[in-house]
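Here is a short walk through one model. Start with a strand and its neighbours, then turn to the pockets.

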Amino acid sequence: MSRNICTALRIMSLQGPVLVVSDEPAVIVVEALSAAGAFPIIETKWADAPTAFVSVKPSAIVLAEPGAPASEASGRMLALQVATAHGAIVPIVAMADAERDAAIPTALTADLDAPLETMIGRLQSALRVRALHSTVLRRIETFAAQGGTMPDLPVGDPLDDATVLIAGRGPLYPALSVAMGEQAKMVGALSVEAAARHLEERDIDGIIIGDGFSPRMIEAFLTMLAHEARFHEIPVAVMGDIPQGYEGGLPNLDSIMQAPERLVSRMVPLIRLHALQSRLKRMLHSLDTDGMFDPRTGLMTPEAFWRELNKAVAEAADRSHALTLARFTFDGAHDRRCHFDGARLASKLMRNIDFACNDDDGALLAAFTQTDLRSGHVVARRVAAAVKNVMRAPTNPNDRITANVTLASFKNGDTLQSLMQRVMDSPMVAAE
């Protein structure tokens with residue numbers, strides 16, 4: 001880890017209280033937390049951990065010893081308390097090593113042999129998600145008090161929304177793909193260039209760099225991730241040694257020399273947390289826009305879309321502006337998750353002057369303002385081709401998804417109803 005990063009970790013404070021659980025004195029861990037600004041720090045043994053959780057109401061928990069908890073009943077109770085606690089999440093960071101996993105399987109792991117700055121950085125990253133969660137809950141309360149139409153906060157395991165990128169081309173790549181595919185949706189890349197393209201096209205919640213790449217290629221890839229703010233928090237696991245010369249900067253970077261199954265089990269809690277962070281950001285955007293955007297997709301809600309389209313049609317009639325409406329359907333995409341993935345990518349591809357929504361029948365509706373029919377064809381084909389690729393199920397890569405696009409351009413005398421009638425009745429055009 002670079003000197004600048006270490007300095008930053010030391011001067012950044014940690015929001016307490018922090019509960020440290022260990023049956024042996026955790027002097028080194030407590031000193032590291034204290035030096036990073038954590039206050040107050042409360043130490044407890046496993047037998048007393050559930051009671052301490054209730055009385056302290058910690059912002060975070062650090063399990064200072066790897067391996068199974070000294071009291072199995074207390075370990076189960078503490079995990080249940082954290083999972084069912086009201087309010088913002090309470091992250092757990094647990095020490096682990098090559099032989100022993102985290103005392104609580106859902107905890108974020110930090111390698112016992114790694115510098116303690118790694119544990120501190122992981123805790124700070126998790127507390128940022130907690131702060132984001134607190135903000136969203138506070139905004140929801142304010143929004144409800146003002147009588148707004150409350151957008152639905154996505155529920156369920158955030159892992160159901162997650163996408164994991166596995167980059168590699170060595171003999172362990174198939175085993176990694178199978179192990180991760182059992183936990184979350186995954187996409188594969190046989191080159192660093194392909195991995196970079198996936199990062200641009202998709203919401204990636206975790207990256208595993210397998211075997212088959214040279215140290216120089218891995219170092220370049222990690223450096224790119226560290227220098228891009230939008231990729232900085234993504235959990236990254238390198239299967240093997242991190243190249244010498246890499247100076248760090250990624251708070252959730254691990255070097256794991258274990259079986260693919262163990263690597264995946266250690267990555268899953270980090271991936272789940274990052275997927276939750278993405279979910280919370282979409283929810284916050286929805287609240288900031290008075291519920292105009294669906295937090296599941298990032299696109300407008302149907303109600304907001306029709307309001308905006310009414311305004312766009314009126315403006316096109318008054319000022320003779322071009323307006324093109326497109327409707328996308330995807331034959332062969334039956335999974336709800338595929339539609340959400342496609343919609344989230346479409347939200348990224350929309351220009352600032354355009355807007356879109358998921359219709360009730362699953363179709364994607366997009367309005368391209370100040371765009372004539374010919375230009376609309378070009379834009380729509382590009383959007384359809386990109387969305388189609390993202391929607392393809394990784395478990396059945398040979399399944400064919402056909403993107404169909406219909407377009408209608410505003411004409412003199414058009415109304416919203418006549419424009420919609422034409423886009424519904426126009427012949428389908430298959431996207432390239």
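**A strand and its partners**

Strand β6 runs parallel to strand β7 (residues 185-189), and five bridges join them. Strands here are DSSP E runs of at least two residues, helices are H or I runs of at least four, and both are numbered from the N terminus. Two strands pair if DSSP finds at least two bridges between them. This is a predicted model: local features need pLDDT of at least 70, side-chain atom pairs count only at pLDDT 80 or more, and totals for chains, interfaces and linings use all residues. Residues are numbered from 1 along each chain as its sequence is written, and side-chain values use heavy atoms, without hydrogens and water.

L165 has V187 of β7 as its bridge partner. Strand β8 (residues 206-209) is also parallel to β6, with four bridges between them. There, I166 is partnered by I208.

β6 covers residues 163-167, and five of its five residues are buried (under 20% relative accessible area, 1.4 Å probe, protein chains only). T163, L165 and A167 point one way, while V164 and I166 point the other. In a regular strand, side chains alternate between the two faces of the sheet.

The largest pocket holds about 710 Å³ of space. Its lining has 19 nonpolar, four polar and three charged residues. Helix α9 (260-288) is among the elements that supply at least two lining residues; its share, six residues, is the largest.

Notes: Buried < 20%, exposed > 50% of the residue type's maximum accessible area, 1.4 Å probe, protein only. 1 Å grid on protein atoms, 1.4 Å probe; cavity = no way out; pocket = protein on both sides within 12 Å on 5 of 7 lines; lining within 4 Å. Points joined across faces, edges and corners; volume = space filled by probe spheres on them. Nonpolar A, V, L, I, M, F, W, Y, C, P; charged D, E, K, R; others polar.
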